[in-house]
Amino acid sequence: MPSTSVVPTNSTRQRLKAFIENSTIQRILLALILVNAVILGLETSKDVMTSAGPFLIALDKAILAVFVVELTIRLLVHRLVFFKDGWNVFDFIVVGIALVPASGPFAVLRAQSIACITRADLRTIDEKNCRRLN
């Protein structure tokens, strides 16, 4: 019986790498980080949660799903080298924390995922500086 492993071939990895590193995709991910930060802020308001709670929670989960897909693609592309990049480790931890239910002691950790904004800003600055050097 042939093996049906999910290990991508080199050409698949190259296509996934081109996709995830595409500037339009990166801008979309940045926008989602910003939207998610606003959602996290809105979720702290009792009045907002009373009126729009289910919508915000659904939107938050949808955005989280996109981040999980992004991380999965990055892991498939970079394999174990993924964990040598501090930003990747940071993203992995933040998304992992976001997957934990936001209750009890985990509520504080969940709120810290707003730090993604800093990640996005620093990454953008870092990419611009690297382009100038090349």
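Analyst: Start with surface patches. A nonpolar patch is made of residues with over 30% relative accessible area and no salt bridge, with nonpolar side chains joined within 5 Å. Leu 80, Phe 83, Phe 92 and Ile 93 form such a patch here, with about 410 Å² of accessible area together. Bear in mind that this is a predicted model.

User: Why is Phe 92 called partly exposed?

Analyst: Its relative accessibility is 38%. Buried means under 20% and exposed means over 50%. The value falls in between, so Phe 92 counts as partly exposed. Phe 92 lies in helix H4.

User: What makes a set of residues the largest nonpolar core, and which have the most contacts inside it?

Analyst: A core needs buried nonpolar residues joined through side-chain atoms within 4.5 Å. The largest such set has 16 residues. Ile 63, Phe 67 and Val 95 have the most contacts inside it. The elements giving two or more residues to this core are H2 (23–42), H3 (46–78) and H4 (86–99). H3 gives the most, with seven residues.

User: Which residues is Ile 63 in contact with, leaving aside neighbours within four places in sequence?

Analyst: They are Leu 32, Val 35, Asn 36 and Ile 39. Each has heavy atoms within 4.5 Å of Ile 63, so each counts as a contact.

User: Where is Leu 59, and why is it called partly exposed?

Analyst: Leu 59 sits in helix H3. Its relative accessible area is 28%. The C-alpha atoms of Leu 59 and Ile 39 are separated by 8.2 Å, and the two residues are 20 apart along the chain.

User: How do you know that Glu 70 and Arg 74 meet in a salt bridge?

Analyst: The N to O distance between their side chains is 3.1 Å. The cut-off is 4 Å, so the pair qualifies as a salt bridge. Side chains of opposite charge can pair when their charged atoms come close. Both residues lie in H3, four residues apart, about one turn of the helix. Glu 70 and Arg 74 are both buried. The structure holds one salt bridge.

User: What makes the phi of Arg 79 worth a look?

Analyst: Phi of Arg 79 is near 55 degrees, a positive value in a residue other than glycine. Most residues other than glycine have a negative phi. Arg 79 is in the loop between H3 and H4. At 42% relative accessibility, it lies between the 20% and 50% limits, so Arg 79 is partly exposed.

User: Where is confidence lowest, and where is it highest?

Analyst: Helix H6 (residues 116–133) is lowest, at a mean of 47, and H3 is highest, at 93. The chain averages a pLDDT of 78, and 69% of the residues score at least 70. Over residues 125–134 pLDDT stays under 50. For that stretch the model has zero contacts beyond four places in sequence.

Technical notes:
Residues are numbered from 1 along each chain as its sequence is written. This is a predicted model: local features need pLDDT of at least 70, side-chain atom pairs count only at pLDDT 80 or more; totals for chains, interfaces and linings use all residues. Side-chain values use heavy atoms; hydrogens and water are left out. Buried means under 20% relative accessible area, exposed over 50%, partly exposed in between (1.4 Å probe, protein chains only). Patches are made of residues with over 30% relative accessible area and no salt bridge: like charges are joined within 9 Å, nonpolar side chains (Val, Leu, Ile, Met, Phe, Trp, Tyr) within 5 Å. Accessible areas come from the Shrake-Rupley method with a 1.4 Å probe; for residues, only the protein chains shown count as cover. pLDDT is the predictor's confidence in each residue, from 0 to 100.
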